[in-house]
Amino acid sequence: MLLYDEEGLRLYDAITTSAPEYYPFTAEEEILKNHSEEIVTIMRSQTKHGISCPQVVLELGSGYWALDLEKRELERTLNGIVTSDLGQKLEGRVNTKGIWGTYEDGIRFIKDGGLIPGYTAESTGGQTQLHIMFLGSSLGNFPRKEAGPFLRSLPLRAGACDTLLLGLDHDNDVDKIEVAYNDPQGYTRRFKMNALRHAGRVLGDEQFFREDDWERSYDDLGRKTT
């Protein structure tokens with residue numbers, strides 16, 4: 001939560017658009033462009049009962065039904081979708097809405113029927129299909145012991161042909177990973193340092209954590225952390 005305040009989200013946008021070394025975003029974007037028809041075909045597949053169903057896409061980030069922690073950034077990105085060339089083409093065919101809250105808030109919202117009226121975990125054929133997109137290797141932000149339980153908590157129903165599109169990075173060269181998360185232009189460093197300022201504001205003093213007092217170190221898997 002400390003990383004992704006309004007300023008943190010804007011800095012992350014700068015990383016994805018201005019730091020070519022940050023390969024996860026461009027690689028994922030390329031996959032989505034090259035395999036979009038295949039992905040949509042799978043999402044729109046009929047249920048096992050042969051009944052074509054309404055579709056709902058929920059992105060744990062910002063998308064059609066977008067779930068995000070920062071309200072103003074959620075509004076900004078959704079407005080960007082609506083006013084884009086693609087948004088104009090999809091007007092009247094695809095609605096974009098936002099859910100302001102944490103992942104847990106979003107999951108609870110779905111299970112309570114807020115996204116799909118009449119939702120139950122036992123829903124089968126004929127129900128609105130739910131497609132969850134969890135991109136950007138965001139699962140890597142979870143401690144290993146929490147990642148599995150989080151995925152199991154997602155409100156997906158096998159009988160309704162719900163789907164999960166999960167974006168994960170694979171093992172890459174250490175030097176490639178290093179420069180991706182420590183780009184020469186300093187975008188990723190500013191992103192991390194903003195989290196310290198955010199933590200300071202929470203504690204009542206934005207300068208509580210001095211940037212010069214922090215350096216990166218290796219975690220128990222040999223990866224660098226701040």
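Predicted model: local features only at pLDDT ≥ 70, side-chain atom pairs only at ≥ 80, totals over all residues.
Numbering runs from 1 along each chain as its sequence is written. Local features need pLDDT of at least 70, side-chain atom pairs count only at pLDDT 80 or more, totals for chains, interfaces and linings use all residues, and side-chain values use heavy atoms, without hydrogens or water.

**Cores**

A nonpolar core is a set of buried Ala, Val, Leu, Ile, Met, Phe, Trp, Tyr and Cys residues joined through side-chain atoms within 4.5 Å. Buried means under 20% relative accessible area, exposed over 50%, and partly exposed in between (1.4 Å probe, protein chains only). The largest nonpolar core has 17 residues. Leu58, Leu60, Leu115, Leu130 and Phe150 touch the most other members. At least two residues each come from strand 1 (55–59), helix 6 (103–111), strand 4 (129–134) and helix 7 (144–153). Strand 4 supplies the largest share, 3 residues. Helices (H or I, at least four residues) and strands (E, at least two) are DSSP runs, numbered from the N terminus. A second, separate core holds 7 residues, including Leu11, Ile15, Ala19 and Tyr22.

**Strand 4**

Two strands pair if DSSP finds at least two bridges between them. Strand 4 pairs in the parallel sense with strand 1 over 5 bridges, and with strand 5 in the parallel sense over 4 bridges. His131 takes part in both pairings: Val57 stands opposite His131, and Thr163 in strand 5 is a bridge partner of His131.

**Cavity and pocket**

Both spaces are found on a 1 Å grid over the protein atoms alone. A cavity is a set of points where a 1.4 Å probe fits but cannot get out; a pocket is an open set with protein on both sides within 12 Å along at least five of seven lines. Lining residues have an atom within 4 Å of a point. Grid points are joined across faces, edges and corners, and a volume is the space filled by probe spheres set on the points. The whole structure has 1 cavity of 30 Å³ or more.

Ala, Val, Leu, Ile, Met, Phe, Trp, Tyr, Cys and Pro count as nonpolar, Asp, Glu, Lys and Arg as charged, and the others, Gly among them, as polar.

| Space | Volume | Lining by class |
|---|---|---|
| Largest cavity | about 40 Å³ | 10 nonpolar, 1 polar, no charged residues |
| Second largest pocket | about 290 Å³ | 9 nonpolar, 5 polar, 3 charged residues |

Leu58, Leu60, Tyr103, Ile107 and Leu154 lie nearest the centre of the largest cavity. Helix 6 gives the most to this lining, 4 residues. For the second largest pocket, Ala27, Glu28, Ile31, Gly167 and Leu168 are closest to the centre. Helix 2 contributes the largest share of the pocket lining, 6 residues.

**Two serines**

Ser137 sits in the loop between strand 4 and helix 7. Ser137 is buried, at 16% relative accessible area. Beyond neighbours within four places in sequence, Ser137 contacts (heavy atoms within 4.5 Å) Glu28, Gly167, Leu168 and Asp169.

Ser18 lies in helix 1 (residues 6–18). Ser18 is partly exposed, at 31% relative accessible area. With neighbours within four places in sequence left aside, Ser18 is in contact with Gln185 and Tyr187. The C-alpha atoms of Ser18 and Tyr187 are separated by 8.3 Å, though the residues are 169 apart along the chain.
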